[in-house]
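Welcome! Here is a short briefing to read alongside the sequence and the 3D view.

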Amino acid sequence: MIELFSANTPNGKKISIMLEEIGYDYKVTKVDINNEEQFREEFKKISPFSKIPVIIDHKNNKTIFESGAILIYLAEKSGKFYDENNRTEINQWLMAQMGYIGPMLGQHHQFHHYNPGKSKFGEERYFKISKRIYEELDLIFSKSKFLSGDNYTIADIATFPWIARHEWHDIGLKEYKDLTRWYLEISERNAVKKGFSFMDKDELPPKP
Ligand SMILES: N[C@@H](CCC(=O)N[C@@H](CS)C(=O)NCC(=O)O)C(=O)O
């Protein structure tokens, strides 16, 4: 059984979606990051940077932090969504999500959604970068069904919950037709719907 320490955020949802996709039995332990539970000594033992998500695989007592590393672990363990013959390709898209798409959209959330009016520079900078990410993804999906080719992989699973926050972005997802096609196709997967609602049973990926 896998224990998932998480909160209802895009990084948290990546792992519940993956666990649903591979059909593993899992239990969610909520970490209330708005009330600083991530800084508790017990949690810091499994998460050195005090961040969710973290998993414990109770079969072998392995603990893994960092959502990209968790996705790779679960993909290797299950043999799904991480084709051995395409790993270099999948890794580059996964790393682009981890190092660029997630952190930049995350800053956009901070300035545009949570703290509007506090920094004109921050709001403009991350709005512009986020819009660029939409444009770049739209172009990518005009040429490719999924991020690393014809198959849905852990790179798509990592990227999807970030685009699912499109209502916060105010960029207008539906104007990006190929990004929307990719988004809707993933939204309609049963495992995605289940994983998306892992903390709020009525939550569904919002329509473009
Ligand atoms: N690179 C990390 C980022 C994780 C992350 O930023 N988690 C946020 C929630 S989405 C968090 O735990 N924030 C609490 C804090 O930083 O105090 C990953 O992908 O796992």
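A polar contact is a pair of N or O atoms within 3.5 Å; within protein, one must be able to donate a hydrogen and the other to accept it, and residues adjacent in sequence count only if both atoms are side-chain atoms. With that in hand, the side chain of T153 reaches the backbone nitrogen of A155 at 3.0 Å. This is a predicted model, where local features need pLDDT of at least 70, side-chain atom pairs count only at pLDDT 80 or more, and totals for chains, interfaces and linings use all residues. Residues are numbered from 1 along each chain as its sequence is written, and side-chain values use heavy atoms, with hydrogens and water left out.

**Around T153**
- Beyond its neighbours within four places in sequence, T153 is in contact with F81, I90 and S148, where contact means heavy atoms within 4.5 Å.

**Around the ligand**
- The side chain of Q38 has an N or O atom 2.8 Å from an oxygen atom of the ligand.
- For I52, a backbone N or O atom lies 2.9 Å from a ligand oxygen atom.
- In S67, a polar side-chain atom is 2.6 Å from an oxygen atom of the ligand.
- On its own the ligand has 510 Å² of accessible area, and the protein covers 77% of this (Shrake-Rupley method, 1.4 Å probe).
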